[in-house]
Amino acid sequence: MTDVLSLAGETLLSPLVLFFALGVAAGFARSDLTIPDAVAKGLSLYLMLAIGFKGGAAMAAYGLGPEVLAALAVGIALSFALPLFAFPVLRGLCRMDAVNAAAVAAHYGSISVVTFVAATSMLQTLGVAWDGYMVAVVAAMETPAILTGLWLAGRSGARLGESSGALGREVLLNGSVVLLVGSFAIGWITGDKGLATISAFIVDPFKGVLCLFLLDMGLVAARRFRDGSAVNGRMVLFGLVMPLVGALAGGLLGLLAGLAPGNATLMAVLGASASYIAVPAAMRMALPQANPAVSITLALGITFPFNLTIGIPLYHAVITSLAGGTP
Amino acid sequence: MTATRPHHPRRKIEILTPMPLLNRVTALLKAHGASGHTVLPALAGQGAAGRWERGHATDAESCVMVVSVLGADRADALFDALAPLLADAGVAWMSDVEVLRGEKY
């Protein structure tokens, strides 16, 4: 117990969380602190490039083994399945209409790359090993949930606003996905030698850039929460409980698939996180009847801060205990 | 003596559309014979679904303004074709305008 508390303290007092908290505080205090739109997008691109490249370089050293395939299978299954759990809860508990419930469910089956990046950074600080192939799992989990969400909406009689070809192009060619997968491939091809060439750009400044990005995320999260007229108390409860369910499913499946505790923790984080970049745009195209303010406020204003502050250390502690270690 | 101003009546259609629907809006413009259009950024706004601001984390809520000018017959057909696309998100309006260089439209 003492270990868990000291772990939580160490995580909560890390620069990452404190910069996020600064953003939240400034946002709630209505400070005029803002990160310019273009800078925020640039920081996001940097993080995708860095995490993708480092993951690919690690993959070059690791190779495509059975553990990698097992992790990919677990991730894809999780992304397909989580919306099936979220949908009836949103319909029953939150009394949401079918279209909005399907859209929100798709967000919670998909993943948040920034939550993943923050988790890898925290694991690194704690000295917990994880493998670069988990970045491939991140990319693989973006899309399946969208298909489940659209199936749930279609089954409820919703009309789809976009042809599957155009939607597929939007999802697969989403800028973040292209950069993440592309950087992963370049990292895989060039390996450690390639990493050494650009490590001064993607390794050393990484945490500083992540702090600046999380400052912006804090500002945005506070603004979403402040303007949160689109969500009610039951939806907020969903935004806090659903990550626990996703984390439990991801962590347990990860351990059952034989993943090392660090990788299983990241699988839990991926199960717990909700998309607020790729899925909102896809849902806007495919289900224009759904209100994006609901899903984005839940994913960004509730679930993201929860995962960053409480979720990640909690998942790490539980997974490590289940794996028979000490957090 | 003042020169007579050339009189070219046309219709201007302005469409405020969510970013993810932009490609479909411009495809409709092309399909209805619009010879050109301009896309303008919109910073923030408020509608039935609440407030939105440009570019924070996702473009799903960001909107842009598309402006196009064309002849009355094509404008009416385009306006009708936009209705189902903008049934749930986005708005459009049309007004009578006069243009210079009428041969462009």
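Trainee: What percentage of the contacts in chain B with a separation of 6 or more is accounted for by residues 24 or more positions apart?

Mentor: Please keep in mind that this is a predicted model. Chain B holds 2 helices and 6 strands, and along the sequence they follow the pattern β-α-β-β-β-β-α-β. Among contacts in chain B with a separation of 6 or more, the share from residues 24 or more positions apart is 78%.

Trainee: How many of the 105 residues of chain B count as buried, as a percentage?

Mentor: The C-alpha atoms of chain B fill a box of roughly 55 × 30 × 20 Å along the principal axes. A residue is called buried if 20 or more other C-beta atoms lie within 10 Å of its own. Of the 105 residues of chain B, the part that counts as buried is 30%.

Trainee: How many residues of chain A are in contact with chain B?

Mentor: Chain B contributes 16 residues to this contact. Those residues divide into 7 nonpolar, 4 polar and 5 charged. On the side of chain A, the number of residues in contact is 19.

Trainee: What is the radius of gyration of chain A, and what does the globule rule give?

Mentor: Chain A has 15 helices and 0 strands. For its 327 residues the globule rule gives 20 Å, and the computed value is close to this, so chain A is as compact as a globular protein of that length. The C-alpha atoms fill a box of roughly 50 × 45 × 40 Å along the principal axes. The rule gives 20 Å, and the radius of gyration is 19 Å.

Trainee: Which percentage of the 327 residues of chain A counts as buried?

Mentor: In chain A, among contacts between residues at least 6 apart in sequence, 87% join residues at least 24 apart. Of the 327 residues, the part that counts as buried is 57%.

Trainee: Are helix 4 of chain A and helix 13 of chain A roughly parallel or roughly antiparallel to each other?

Mentor: Helix 4 (residues 66–92) and helix 13 (residues 261–272) of chain A have axes that come within 10 Å and cross at roughly 20°. The crossing is right-handed. Their contact includes A:Leu78 of helix 4 and A:Met267 of helix 13, and by class it has 6 nonpolar, 3 polar and no charged residues. Angles under 35 degrees count as roughly parallel, and the two helices are therefore roughly parallel.

Trainee: Which term describes how helix 3 of chain A and helix 7 of chain A lie to each other?

Mentor: Helix 3 (residues 37–62) and helix 7 (residues 134–141) of chain A pack at an angle of about 125°, with their axes 8 Å apart. Among the residues that make the contact are A:Gly55 of helix 3 and A:Val135 of helix 7; the contact divides into 5 nonpolar, 2 polar and no charged residues. From the angle, the two helices are therefore oblique.

Trainee: Which helices of chain A do the buried residues of helix 7 of chain A pack against?

Mentor: Helix 7 of chain A is mostly covered, with 7 of its 8 residues buried. A:Ala136 and A:Val138 are among these buried residues. The helices of chain A they pack against are helix 3, helix 4, helix 6, helix 8, helix 10 and helix 13.

Trainee: How many residues of helix 14 of chain A are buried?

Mentor: Helix 14 of chain A spans residues 278–286 and is mostly covered. Its buried residues include A:Pro280 and A:Arg284. The count of buried residues is 9 of 9.

Conventions. Residues are numbered from 1 along each chain as its sequence is written. Chains are lettered from A and ligands numbered from 1 in the order in which they are written. This is a predicted model: local features need pLDDT of at least 70, side-chain atom pairs count only at pLDDT 80 or more; totals for chains, interfaces and linings use all residues. Axes are lines fitted to C-alpha atoms, for helices over the stretch in contact, and angles run from 0 to 180 degrees between N-to-C directions. Helices (H or I, at least four residues) and strands (E, at least two) are DSSP runs, numbered from the N terminus. Angles under 35 degrees count as roughly parallel, over 145 as roughly antiparallel, 65 to 115 as roughly perpendicular and the rest as oblique. Two residues are in contact if their C-beta atoms, placed from the backbone, lie within 7 Å. Ala, Val, Leu, Ile, Met, Phe, Trp, Tyr, Cys and Pro count as nonpolar, Asp, Glu, Lys and Arg as charged, and the others, Gly among them, as polar. The radius of gyration is taken over C-alpha atoms; the globule rule is 2.2 Å times the number of residues to the power 0.38. A residue is buried if 20 or more other C-beta atoms lie within 10 Å of its own, exposed if 12 or fewer, and partly exposed in between; C-beta atoms are placed from the backbone. A crossing is left-handed if the near helix is turned anticlockwise from the far one by less than a right angle, and right-handed if clockwise.
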